Amino acid sequence: MIRLEDINKNFNGKSVLKGISAEFLPGVINLIIGASGGGKSVLVKSMVGLEVPDSGKVFFNDLDFHNLDYSKKQSLRKEIGMLFQGTALFDSLTVEENVEFPLLMFSNYSKEERMDKVNSCLAKVNLVNVNKKFHSEISGGMKKRVGIARAIVMDINYLFCDEPNSGLDPLTARVIDELLKEITQEYHITTIINSHDMKTVKDIGEHIFFMHQGQKWWEGSRENLPMGQASNPELNAFVKASF
Amino acid sequence: MSFFTEIGRYIIFMSFVFKRPDRRKVFYNMLMREMNLIGIDSLLVVVLIAIITGAVTTVQTASQLTADTGFLPPNLFPLELVGSVVGSSSILELAPTITCLILAGKVGASIASEVGNMRITEQIDAYEVLGINSAGFITLPKILAGIIVIPCLIIISNFLLILGGLLAAKLTGVMTIDQYINGLRSSFVSHYVEVMLIKAFVFAFIITSLSAFQGYYTKGGALEVGEAGTKAVTRICVTILALDLVVAKLFL
């Protein structure tokens, strides 16, 4: 579980996150939705440590991430996987080496054990016969799947996905959505997906957070999305514009 | 951004770079890759430029020493002096400085673009999320590779500069090979080689660290990556020339 307590972040005097408090549960897909510039990416970056909040706390179970000492923080980081918007695959490495990389850096597995794990993760994301290909030789959907395989190879407890469907055709986007749902349920991990794809919300969203102008504007389940209600015009406008 | 802010950021960046590598085997593989990229891939350009520069220096020095300027009688200086001038200037200036200015353009721009591209494609963020010290992981192998390989390139360049001069002497007939070699031998000072090596290590550090620094803090997109490469080359060239003067003043 991840818990946020009153997260605030400013850039050059402009408030980007305003008092965000939330709880993200394991085993379900937690979706952060909202228009571009609403603070979604900064919030996710604050959770994984790529940004440091000006105030507030991020708890992974009971560990206060930003106040941990270096070694504890590094050890917690090994439980975190992230799928970046542009996949962030290392372009000097092959598909296989990309997925192997976290194991090579942080595990004491033998080469054979590492390869077994790599191949099982690649199989999990339905990738075969691409082990020796480079990032530039595979399609966008395959890159996303390699990114997921690299994120889950370390037996993680927390998975963050920044716009996992961006740049993908609708069919591939659905495949990625289903894959993320399957992984979340099978490994019972806390998955947080940052998206503005309403199809994702409809298909796999379980716990939804709508962000608007740096604030948590609405929170609830997919079934409770206030479609067409006058009480939440910002969320209505976002949902309507998505169809 | 002010000059002093940039210096401060560079020092902070360096404090992250010089930390113990996470995995020695991975570090060793990266070091080998960088040595290949910096050394082997730059060898041809260094060889060509050294031979041509050596030849041009010999022909021009001979021409200046034998010219009838009206101020001094022609042929006042013995032609051996050409070998002496080419030898000393190769060791002290041409081999370390010219080679490193060339490498600033080739290696410096390449490192700045590579690291800048890693920044804008979130590869650096991916290292950070994994808990890897990205500044050290990316930069330390490049700096060490540069410090190992660039002095070797400079030594090779030095030999080829002198060889280029010798070939020019033979092919253009401005002087005999004996005159050239006698000149070289008569003016050889071993301390000059030490100064050359000091320059080599200092310049190698500047080329690799400044270019990685410039790339690491790239923001934006492809345009900014290009700008990072250009900025890196400009700053490295200015720094090398400034430090050239400092080293010369301190050690000569």
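Two residues are said to be in contact if their C-beta atoms, placed from the backbone, lie within 7 Å. By that criterion, 88% of the contacts in chain B between residues at least 6 apart in sequence join residues at least 24 apart. The model is predicted, so that local features need pLDDT of at least 70 and side-chain atom pairs count only at pLDDT 80 or more, while totals for chains, interfaces and linings use all residues. Residues are numbered from 1 along each chain as its sequence is written, and chains are lettered from A and ligands numbered from 1 in the order in which they are written.

Chain B has eight helices and zero strands, where helices (H or I, at least four residues) and strands (E, at least two) are DSSP runs numbered from the N terminus. Its C-alpha atoms fill a box of roughly 70 × 40 × 35 Å along the principal axes.

Chain A is divided into domain 1 (1–79 + 157–243) and domain 2 (87–155), with bounds from an automatic or database domain assignment. The C-alpha centres of these domains of chain A lie 25 Å apart. Their contact takes 10 residues from domain 1 and nine residues from domain 2. On the side of domain 1 of chain A that touches domain 2, helix α6 (residues 170–187) gives the most, with five residues.

Between the chains, 14 residues of chain A are in contact with 13 residues of chain B. On the chain A side, α2 (70–77), β6 (80–83) and α3 (95–106) each supply at least two residues, and α3(A) gives the most, with three residues.
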